[in-house]
Amino acid sequence: RLLAQGQGKAAGGGSGSGKSVFRVGEFRKIYDPSLVRADGKKESWYINDHTFIRAEDGQWHLFGITHKEPANPMHERFLAHATAPDLFGPWTKQAPLLQSDKKAHEIVTWAPYVLRHDGIYWIYYCAGGGRDGTRYRIHLATSKDLWNWTRHPANPMLMDGYKSRDPMVIKFEDGWLLYYVATSTPRGGNHTVKVVSGTDLSHWSNPREVYRDAETGTDGGPTESPFVVAHNGKYYLFVCTNHDYNETAVYESDTPFHWDAVNLVGKFPGHAAEVIETAEGKRYVSRAGWGAGGVYLAEFTWER
């Protein structure tokens, strides 16, 4: 069943010709992080912002924000970890990792993004920071096996606007770009997506705003969970709008350094969505969130 079809002008004033940009199929639950207690009762847990990676041995790993229901974001202090032989499972719940460390100035463990480079796995996450929300930190930890992690001595990778969080990294030319959520001033303002650049994955500079939404505020907002995908000479920015909680918008650009709201090319029902590509070249989009009962995947198809 088709859940969403990204259109050019038909989807909100984009610059496209009207031909579909993407299609999203039906979402299917692949993992429920809940557990059965010693008394036999089910204890419901959630996964929120999350990330997938396929290890060198072919095993899939899932990391994500987690906590027992109901939602309690300021007590999300370690990452969920699950593994599976196939992207669609069966998934096995593993011990959590990266417990918040006050000595490392961490008060939460949020919104991971993981990649592999030079034989090392790199995981970026929001570690919190100032209690007033104005100096949140993006941290980095590294691993050789996806099980044992060491915080990087160069932390924090960055500190920016109100509750800066939700890191995501792409390779670009001879370096790297790290995208994240921030606000136009450290105490709030327009909800934005920003980017910093670097050459070695552990030192970042030149922060710049790449997308600004008309909405203003501090917490939440319509620019969460930014995810950037290059396709067919264009760059697509996926953001969780938080409209009705479960909505992702997709914007198109010729550059990875700027998107305009008028270039919206589609929306689909997803919270904290990530695009995943398998070794066989198939693409899927994920969703999760508070009260969602786990993590879901749907097939994602480019139409042009």
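Which residue of β25 stands opposite V24? The residue is F300.

This is a predicted model, in which local features need pLDDT of at least 70 and side-chain atom pairs count only at pLDDT 80 or more, while totals for chains, interfaces and linings use all residues. Residues are numbered from 1 along each chain as its sequence is written, and side-chain values use heavy atoms, with hydrogens and water left out.

Strands are DSSP E runs of at least two residues, numbered from the N terminus. Two of them pair if DSSP finds at least two bridges between them. Strand β25 covers residues 295–302 and is largely enclosed by the rest of the structure, because six of its eight residues are buried. Buried means under 20% relative accessible area, with a 1.4 Å probe and protein chains only.

| Strand | Residues | Bridges to β25 |
|---|---|---|
| β2 | residues 22–24 | three bridges, antiparallel |
| β3 | residues 28–31 | three bridges, antiparallel |
| β24 | residues 283–287 | four bridges, antiparallel |

**Nonpolar cores**

A nonpolar core is a set of buried Ala, Val, Leu, Ile, Met, Phe, Trp, Tyr and Cys residues joined through side-chain atoms within 4.5 Å. The largest has 58 residues, and Y124 and Y179 have the most contacts inside it. Strand β16 (residues 175–185) gives the most to this core, with six residues. Apart from this core lies another, of 16 residues, including Y31, W91, I276 and V295.

Contact means heavy atoms within 4.5 Å. Leaving aside neighbours within four places in sequence, the contacts of Y179 include D166, M168, V195, V228 and W259.

Note on methods:
Buried < 20%, exposed > 50% of the residue type's maximum accessible area, 1.4 Å probe, protein only.
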